[in-house]
Structure formats: structure tokens, C-alpha cells
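Welcome to a short tour of a protein model. Please take a look at the chain below, and then we will walk through a few of its parts together.

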Amino acid sequence: MSPVPPPRRVGVALGGGGARGLAHVHVLEALDDLGVKPVAITGTSIGAILGSAYAAGMSGAEVREAVLDAFRRPSEIWAKLWQLRPKSFADLFGTGLTQFDPERVLDLFLPEGLPKRFEDLAIPFTAVATDFYGCREVEIASGPLRRAVAASIALPIVFRPVEIDGVPMIDGSVVNPLPFDRLPDDVDLVIAVDVVGAPERAAGRSHPNARESIFGASQILMQTVITEKLKARRPDILVRPPVDAFGVLDFLKAAAVIRSTAAVRDDVRRQLGAALEGRLVEDLNGGP
């Protein structure tokens, strides 16, 4: 009798996209449905937040509940944001923009009990950030977890850069909005979740307003980066939830984002189940 082959080494890459990335919860739940534990997770921006929570040992259902609980009551959200307001005149008006400290945001909105360091996570995890002055991608997989995730989500205009080892870091989506290429080489089944989306025309208007232009331009740039990456290599499973209707800052619509992308869970479960079954048959037959 042939020996049973070892389980496939599954890696998961969760991309950036702001509130659109709340759709990642369906992918995490699909993994749980199939009893699949990834051997590695990479995350950019919102993907770093949800990816680190899952890597810490939270289930997909627990991540979903944490997201919905964080954004369930608008009055509480505004109260938390009031705590984050700039405390000095210089901070408020000195640069012409009001930026939040992403570490303080995480302190208020992340679930309690997450490990303080990467080394204490249940699943190896890598956060992707951008070295602002070095114009390069930075992978962070050790040291303080919260500071690394804060760097990965430091979206310009909204958040201040985060300094790590003397280097100012900004949002990882600037250089790598879908970091499947940062999973370890020994991963043999890659799931990548693209939640960048595309600009959507507002009803009754033929042109975007200033805010839509700024965030829409970043979507176009990120999709260009992803398109070029996919020419060189494609993940085994590429997931693109239907998120175009939502903006990068639509966190108050968290329930709507999750509800409108619910079909992703079944789709990932079907694709991943088929991929695992197909590779099992190949292994039992001695390869393709």
C-alpha cells in the first residue's frame, strides 16, 4: 500500500484595499471550513491587520465578529476617533493635513490579547510596508507586531509614517498590494486575495470629485502593479471579491462589505477543495 502523502503546504496572501479588505474574512472562514491551517501568511495594509489576527490563532469566525463589533456602533467609533485627535495646534495645522497615529488607531480597534511580537504567533506571518525615503518594499517578520502592522497600514494623508529602526515606513500597498510573492519558497499552494477593486462611477455624475480622484488614482496604480506581477507568476487560487462599490475608508459599512461579498466563502472552499483533491490524486499516482 502506497504511503499517504503529506498535507499540502498552503500559503495565504491578503492584499491591501482599506475597508474593501474586510472581505478577507470569508477566505479565513473557508480555510476553517476545510480544516486547512496555512503554514505562512503575508499581509499588506488591511491584509496585515486581519492576517496578523488569524496568525495569532483567531478563527475566521472570531475575526469576523471582531470586525463587526469594532464598527457596529458609529457613536462609539466617533468617540474613539475623538481620542485620537491631534493634541497640539502644530499637529493640527502644521503640515496642512491632519494625520492619525496608526499605532494608536490599532490600540483602540484591534482585538485584545494579540501577541506583542511576531515570534509568539501561531502561524508565521509577514507584514509588508514601504520604506519612504528608500523607495523600496520592506518585509517585517520579527520584532514588535503592532508597530509593524501600523507601518503596513500607514496610508498617506490618513496616517503618519511609522518609524522602524530609524526608517520612516508607509503603507505596503504602495509597493506591493498583493504580496503572494513574499510567501516562503516551500509553500506549494498559494492563495492570494486582491481587494484593491476599481473606481466606480457615482450615480448622476460624469466625473469623479477630488476625493474620488485621489483614491481612484491609487487603485489604478495598485492594479497596474498587480497586473505586472501576474505576468511573471500567478497564485494557484486568485480571489477577487466584488468590492468596487465600496471606498477605501468605508469602514462604517463593514457589515455591508461582508454581506455583499459572502459568496467568496463558498467560492474559495470549492476552489481550494478541488486543488487539494487534485494534488492528492497526483501524489498518489506519483506526480503529474
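Helices α2 and α7 are roughly antiparallel to each other, because their angle is about 155° and angles over 145 degrees count as roughly antiparallel, under 35 as roughly parallel, 65 to 115 as roughly perpendicular and the rest as oblique. Angles run from 0 to 180 degrees between N-to-C directions, and axes are lines fitted to C-alpha atoms, for helices over the stretch in contact. Ala 48, Ile 49 and Ser 52 of α2 meet Leu 145, Val 149 and Ser 152 of α7; contact here means heavy atoms within 4.5 Å. By class, this contact has 4 nonpolar, 2 polar and no charged residues. Ala, Val, Leu, Ile, Met, Phe, Trp, Tyr, Cys and Pro count as nonpolar, Asp, Glu, Lys and Arg as charged, and the others, Gly among them, as polar.

A word on what you are looking at: this is a predicted model, in which local features need pLDDT of at least 70 and side-chain atom pairs count only at pLDDT 80 or more, while totals for chains, interfaces and linings use all residues. Residues are numbered from 1 along each chain as its sequence is written, and side-chain values use heavy atoms, leaving out hydrogens and water.

| Helix pair | Angle | Axis distance |
|---|---|---|
| α1 (residues 24-34) and α2 | about 25° | 10 Å |
| α2 and α7 (residues 145-152) | about 155° | 8 Å |

α1 and α2 are therefore roughly parallel to each other, and their crossing is right-handed. On the α1 side, the residues in contact are His 24, Val 25, Leu 28, Leu 31 and Asp 32, and they meet Ile 46, Gly 47, Leu 50 and Tyr 54 in α2. This contact of α1 with α2 divides into 6 nonpolar, 2 polar and 1 charged residues.

Which residues touch the most other members of the largest nonpolar core? They are Val 67, Phe 125 and Ile 191, in a core of 63 residues. Such a core is a set of buried Ala, Val, Leu, Ile, Met, Phe, Trp, Tyr and Cys residues joined through side-chain atoms within 4.5 Å. Buried means under 20% relative accessible area, exposed over 50%, and partly exposed in between (1.4 Å probe, protein chains only). Helix α2 (residues 46-55) gives this core its largest share, 7 residues. A second, separate core of 13 residues includes Leu 178, Val 187, Val 190 and Leu 238.

Strand β3 (residues 125-131) holds Thr 130, which is buried at a relative accessible area of 4%. Leaving out residues up to four places away in sequence, Thr 126 touches Ile 41, Thr 42, Gly 43, Glu 139, Ile 140 and Ala 141.

For the chain as a whole, there are 10 helices and 8 strands, which are DSSP runs numbered from the N terminus (helices H or I, at least four residues; strands E, at least two). Buried residues make up 45% of the 288 residues.

Conventions: Left-handed = near helix turned anticlockwise from the far one by under 90°.
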